Amino acid sequence: MTPWTFWLLPALMWAAAVPAAQAQAGAADCVALADASERLACYDRLHGRVATLPPAPVPAAAAAPASAPAETPVSASDGDSVRSHLGWRWDLDGQQATLFAPRAYRPVYLLPATWADRVNQRPGSPSPEHSVPADLGLRSAEVKYQLSLKAKLGDQLFGTPLSLWGGYTQSSRWQVYNGALSRPFRETNYEPELMMVWPLQAEVLGWQVRMASLSLNHQSNGRSLPLSRSWNRVIATLAAERDDWMLELRPWLRLRESAGSDDNADITDYMGRGELRLTHFRERHAFALQLRHSLRGGSASRGSVELDWVFPLAGALHGYLQVFSGYGESLIDYNFRQTKVGLGITIAGWR
């Protein structure tokens, strides 16, 4: 202990003890008062509080007008403050997400009714032994569902605003209406992902650029030959928002595999080399447009478009309409063009 600390500590203890003793003596005087209002005023003076009159009661009719909505609409605006959907999703202010606590990532939904205009009865790939020789007997109607979670794994990495996230998405197509084939699962895609997220604050053409990210992504269907499909990507993301609109640009680079182990060497010529997603929130509704493209011209110009509409049902339960047209509705169909419509419910991940 240094000499100045030796004298400072007793001085601080004395400075704290004097007001405490004075407060104890004053409290005894207050206790001696018989009238409750005088006793309360004594305590207020003792603690330096200014007496204020209690607020007048609000009439019940004024407190809850008959025209007031039962629920607050989910939109980008809450009262006089503007909610950032990207900030909420990715904890860009570093105040919402608990480390390792799972939360919704992509939409979590169940579509009991989906219908496709074309069915891929003989899935194939240019890779050897990756083509089905005979029709599979599949039906155009099936069930589709998706589960998707993410969690923050690290915060303020290397003394920067950078955060580390882990994500997992699983989507399945189930031939539940196909009794002739014992109702099999036609295709399930597994997609683990590791993401580095950097918060941003920049304005471009009226849009607020809120984040950039870089992720390592794997997607596969876990099947054996001839139905095995998989690929690995490095995905960059730049996301911005403006009022009730959100824009996400996601170009990616496929990590090449050796010729002997590549299930689908031409997958980027069909499922694309990038994605653009535009989302609009209107009260408790959400509308989304997703575009993918091969970024090639002529006969190699391929891609897909997806339209989503989320609408309120009850509480957190929302209806979900999904329309997809193009290549790559699933990995097994990466080089098969079709239009598919699905209707069902969603509970999380869309806002």
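These legends describe close-up views of side chains in a predicted model. Local features need pLDDT of at least 70 and side-chain atom pairs pLDDT 80 or more, while totals for chains, interfaces and linings use all residues. Residues are numbered from 1 along each chain as its sequence is written, and side-chain values use heavy atoms, without hydrogens and water.

**View 1. N217 in strand β8 (residues 207-220).** Strands are DSSP runs of E, at least two residues; helices are runs of H or I, at least four; both are numbered from the N terminus. N217 is buried, at 1% relative accessibility (buried is under 20% relative accessible area, exposed over 50%, partly exposed in between; 1.4 Å probe, protein chains only). N217 touches residues including R106, W231 and I235 (contact: heavy atoms within 4.5 Å).

**View 2. W174 and F185 form a stacked aromatic pair.** The ring centres are 4.9 Å apart, with 5° between the planes. Rings of Phe, Tyr and Trp (its six-membered ring) pair if their centres lie within 6.5 Å; planes under 30 degrees apart are stacked, over 60 edge-to-face, the rest tilted. W174 lies in strand β6 and F185 in strand β7, so the pair ties together parts eleven residues apart in sequence. W174 is partly exposed at 28%; F185 is partly exposed at 40%.

**View 3. Y270 and Y327 pair edge-to-face.** Their centres are 5.2 Å apart and their planes at 65°. Y270 sits in helix α5 and Y327 in strand β14, 57 residues apart. Y270 is buried, at 16%.

How values were computed. Lists of a residue's contacts leave out its neighbours within four places in sequence.
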